[in-house]
Amino acid sequence: MEHNSYTISQVGYGSGTYLKVIDAMKGVQVGQFAPRGEINGPWVVNGNHVSFVCSQADGSKVGYVHKLPSGSVVNTFRA
């Protein structure tokens, strides 16, 4: 199994925000995805996953775990 190192860079704020996935070893962008709400606090990259909490329009907070580099949601949790 191949293990890659990734970093995340936020581009924009508000409804136009998206996250760039960068291969930390090569320094090139390998993916991007849009969070489902406004990100609250820091994100945590662990292996091939990133997790963060987003505020929803109704004021609730939901946590998301995304697979890297694709950005697909693999889990959610109540925050």
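This is a predicted model: local features need pLDDT of at least 70, side-chain atom pairs count only at pLDDT 80 or more; totals for chains, interfaces and linings use all residues.
Glycine 63 has phenylalanine 77 in strand 7 as its bridge partner. Strands here are DSSP runs of E with at least two residues, helices are runs of H or I with at least four, and both are numbered from the N terminus. Two strands count as paired if DSSP finds at least two bridges between them. The two strands make a hairpin with 5 residues between them, and glycine 71 in the turn has a positive phi of about 85°.

Residues are numbered from 1 along each chain as its sequence is written, and side-chain values use heavy atoms, with hydrogens and water left out.

Now to an open sheet of 3 strands, ordered 1-2-3 with antiparallel pairing. Strand 1 (6-11) and strand 3 (28-33) are its edges, each pairing on one side only. From one strand to the next, the twist averages 30°; the axes behind such angles are lines fitted to C-alpha atoms (for helices, over the stretch in contact), and angles run from 0 to 180 degrees between N-to-C directions.

Strand 1 is tied to strand 2 by 6 bridges, and serine 9 finds its partner in lysine 20 of strand 2. Their hairpin has 6 residues between the strands, with glycine 12 at a positive phi near 85°. On to the next pair: strand 2 (residues 18-23) and strand 3 are joined by 5 bridges, and leucine 19 is partnered with phenylalanine 33 in strand 3. Here the hairpin leaves 4 residues between the strands, and glycine 27 in the turn shows a positive phi of about 75°.

## Core and faces

Which residues make up the largest nonpolar core? Tyr6, Ile8, Leu19, Val21, Phe33, Ile39, Val50, Phe52, Cys54, Tyr64 and Leu68 do, 11 residues in all. For the term itself, a nonpolar core is a set of buried Ala, Val, Leu, Ile, Met, Phe, Trp, Tyr and Cys residues joined through side-chain atoms within 4.5 Å. Buried means under 20% relative accessible area, exposed over 50%, and partly exposed in between (1.4 Å probe, protein chains only).

Isoleucine 39, another core member, touches Gln10, Leu19, Phe52, Val53 and Cys54, leaving aside residues up to four places away in sequence. A contact means heavy atoms within 4.5 Å.

## The whole protein

Overall, there are 0 helices and 7 strands, in the pattern β-β-β-β-β-β-β. The radius of gyration is 12 Å, close to the 12 Å that the globule rule gives for 79 residues, so the protein is as compact as a globular protein of that length. That radius is taken over C-alpha atoms, and the rule is 2.2 Å times the number of residues to the power 0.38. Along the principal axes, the C-alpha atoms fill a box of roughly 40 × 25 × 20 Å.

Buried residues account for 27% of the 79. Of the contacts between residues at least 6 apart in sequence, 19% join residues at least 24 apart.
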